[in-house]
Amino acid sequence: MALEIKWFDTIDSTNSEAFRQIESAKDFTTYAAIFQTSGRGQKGNRWESAVGKNLTFSILIRPVLLKATDQFLVSQIVALGILKYLRGFGIEAKIKWPNDIYVGNRKICGILIEHYFSGANLSVSILGIGLNLNQREFASDAPNPTSLTLETGEEYLPEIELKGIIYSIKEYYDRLNVKAYKSFKEATEQSYIKSMYKFGEIASYQETGSEEVFEGKITGIDKNACLVIEKSDGTKKSYAFKEIRYLLNH
Ligand code: BTN
């Protein structure tokens, strides 16, 4: 099936554009921009990207068979699809929970997924992805960025790479068929955990609102998709996204 990709020279945000087309867009339509004037990141941050250097795009999918409670499966599929795409360049990336993509200690890709529901099920998910492609220098407040170019020394054509990354996500997503749903979900969760940044390693964390830095290791994610960290005294605690911060330079 041919991919439907709509390119924009300049747009506010591809996630916002996908939302404007939510009624009529076909499953897997992609909205891509050379430049976003109001690119959005997680936690209400802005997503900055040099004009024409990187990939900034959103895929609109209709995962209507998924329960609202399974929405984290969508994040896992997207992150694992991107990891597979990067592996094609010899890059072994990791997923910094919930869905940043890291190479070593540097962020190469950010993901902002926005879900819409119909009753107890998902109706639409907008998969907003910013992948650093050809950018070599970043604004000083960007947290530890890297790009495909910085990792491999090559330059890339955005139109070609966009198709590659969409196919990789789609290939993963298409395996989501109802009959094998339970085993697919379990296998996806295992792959996700195996690919987690800092999994099983002692690292430094800080709870939101606390000055205290503590050491612990990630042991997995719980049934609510919260991050589980085991402290050095053996106690385990689950954290929602806004409750915990990784300290990268400790
Ligand atoms: C993050 O904070 O790491 C998530 C960044 C997500 C950025 C992408 S770029 C394409 C899409 N449109 C947006 O406005 N945001 C996402």
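**Close-up views of the predicted model and its ligand**

**Figure 1. Overall dimensions of the chain.** With 250 residues, a compact globule would have a radius of gyration near 18 Å, and the chain agrees, at 18 Å. This radius is taken over C-alpha atoms, and the globule rule is 2.2 Å times the number of residues to the power 0.38. The C-alpha trace spans about 55 × 45 × 35 Å along its principal axes. Five helices and 12 strands are present in the chain; these are DSSP runs (helices H or I, at least four residues; strands E, at least two), numbered from the N terminus. The model is predicted: local features need pLDDT of at least 70, side-chain atom pairs count only at pLDDT 80 or more, and totals for chains, interfaces and linings use all residues. Residues are numbered from 1 along each chain as its sequence is written, and side-chain values use heavy atoms, with hydrogens and water left out.

Figure 2. A polar contact is a pair of N or O atoms within 3.5 Å. A polar side-chain atom of Lys107 is 2.6 Å from a ligand oxygen atom. For Ser13, an N or O atom of the side chain lies 2.7 Å from an oxygen atom of the ligand. Gln42 places a polar backbone atom 2.7 Å from a ligand oxygen atom. The protein buries 97% of the 420 Å² that the ligand exposes when taken alone (Shrake-Rupley method, 1.4 Å probe).

**Figure 3. The shell around the ligand.** The ligand is surrounded by 20 residues, the closest being Ser13, Gln36, Arg40, Gln42 and Lys107; a residue is near a molecule if one of its heavy atoms lies within 4 Å of it. Two or more shell residues come from each of α1 (14-20), β3 (55-61), β6 (106-118) and β7 (121-131). The most come from β6, which gives four residues. By class, the shell holds five nonpolar, 12 polar and three charged residues, where Asp, Glu, Lys and Arg count as charged, Ala, Val, Leu, Ile, Met, Phe, Trp, Tyr, Cys and Pro as nonpolar, and the others, Gly among them, as polar.

**Figure 4. The cis peptide bond at Pro98.** The peptide bond from Trp97 to Pro98 is cis, with omega near 0 degrees. Pro98 belongs to the loop between β4 (94-96) and β5 (100-103).

**Figure 5. Positive phi at Lys198 and Ala225.** Lys198, a residue other than glycine, has a positive phi near 70 degrees. The loop between α5 (181-194) and β8 (203-207) contains Lys198. Ala225, also not glycine, has a positive phi near 70 degrees, and is located in the loop between β9 (213-221) and β10 (227-231).

Methods:
Polar contact = N/O pair within 3.5 Å; in protein donor to acceptor, adjacent residues only side chain to side chain.
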